[in-house]
Amino acid sequence: MACALAFGITSIGFAQNPTIIKRSIDFSPKSPSYSATDSVPTPPHFSGREFSGRDSASRSESGYAADSAYQENRSVSVRRPSLDESTEPLIEDQRERLFDELAEEFSMFDRLGNLVRRVSTLVKPSVIHIEAHKTEKNESYDEAGAGVVLRINNETWVMTNRHVIVSASPKQILLRTSDGREFHPVKVLSDPSTDVAVMKVNGIDLPAARLGDSDSTEIGDFVIAIGSPFGLSHSVTFGILSAKGRRDLSLGEQRIDLQDFFQTDAAINPGNSGGPLLNLRGEVVALNTAIASSSGGSEGIGFAIPMNMAIKVADQLVRNGHLRRGYLGVTLDPDFSVADLAAAGYREKGGALVKNVRPGSPAELAHLQRGDIIVEFDGSPVENDDHLVARVGLTPIGSSIPMIIYRDGKRYRTAVTLTDMN
């Protein structure tokens, strides 16, 4: 489990082929028919000729040449202009114009490509290739992944996915920088409920990555993924953020309780796990984690943990050694939906229905009851039950959190003080 711009070019049609105007030459025995203004004498033995589309007073030099040839009993060649010769310059002109327009379009695309190159060059020193030697069920194997360098509590740590390094000791985990230096972590901490892990590094000068605000990252934003797909370290792929709030993913045998994934079409393959997902400002907005695939490779659907969520977990791991997961004490209905809200006459766009309240829990102390609909938690709207579970699990323990609920058609405010689930 581990973990891709189109500019429309307007079609320009070529002009129609030019109309060929042909002279009509009649060699029938007729009397010459020149106008009185014609200053050119009629040849004495010329049988006569008519010109189509021009006055006889303005005959061309080619006409005189034909007259002379007739008098001397020589053949006259009337040559039709070649279509190839007449249209070839026109086609070349059109092609040149198309190439010029393509160059203008490419200049915009090239600026974007240059931005991707600069971001990749800037961030690569902060991306670490990871190789973990594992032993499970009497079987040894190696797993490759990636990590990103962070400064947490004034110390250097490498963040990655737990599934990349689980079952491996620090001495079995090899970290390699983009310039080829190798070392081992001195401490490893992880959380199974979010699949986040951090590894402490001492004595190595590594530049920390800059973190972005994942909450402000929007669907359609360009993103860059860096990792080690299939063991190919520090590979770069490019795409967009396809969706947010993916919370009901089944990730193989591993259970991840707190889900709030970003979805991206930037190519993510086995070995990308733990690498950063970046915006075009070079900031880490998510941690690449998983793919949805029937073939085992990238099919344009990859998932990443939002950095605001991952850094909360990492901070608690560093400070406490584990994630102090918030506990509310309710059972929620997973089948409750927006349609149910509308049927009940509510205009809210989401919410979580309480099926049960555990005795002595923070929820009971906050006077929550069966049938309550929680529509807002800590100042933010609740989308569904999975969203509320993730929000509660990452909320600081011991602080008073405001909530808004619906009960019997009425809107109420209350507050809850969460305890530690562990």
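Phe 238 counts as partly exposed, at 26% relative accessibility. The class lies between buried, under 20% relative accessible area, and exposed, over 50% (1.4 Å probe, protein chains only). This is a predicted model, where local features need pLDDT of at least 70, side-chain atom pairs count only at pLDDT 80 or more, and totals for chains, interfaces and linings use all residues. Residues are numbered from 1 along each chain as its sequence is written, and side-chain values use heavy atoms, without hydrogens and water.

**Aromatic contacts**

The whole structure holds three aromatic pairs. Rings of Phe, Tyr and Trp (its six-membered ring) pair if their centres lie within 6.5 Å; planes under 30 degrees apart are stacked, over 60 edge-to-face, the rest tilted. Phe 222 and Phe 238 form a stacked pair, 5.4 Å centre to centre with 25° between the planes. Phe 222 lies in β9 and Phe 238 in β10, so the pair ties together parts 16 residues apart in sequence.

| Residue | Strand | Relative accessibility |
|---|---|---|
| Phe 222 | β9 (residues 222–227) | 31% |
| Phe 238 | β10 (residues 235–246) | 26% |

Elsewhere, Arg 407 lies over the face of Tyr 412, 5.8 Å from the ring centre. Such a charge has NZ of Lys or CZ of Arg within 6 Å of the ring centre and within 35 degrees of the ring normal.

**The open sheet**

Seven strands run in the order β5-β4-β1-β2-β3-β7-β6, with antiparallel pairing. β5 (182–183) and β6 (187–191) are the edges; each has a single partner strand, so one side of each lacks a neighbour in the sheet. Strands are DSSP runs (E, at least two residues), numbered from the N terminus. Two pair if DSSP finds at least two bridges between them. β6 and β7 (residues 196–200) pair over five bridges. Asp 191 stands opposite Val 196 in β7.

Methods
Helix = DSSP H or I, 4+ residues; strand = E, 2+ residues; numbered from the N terminus.
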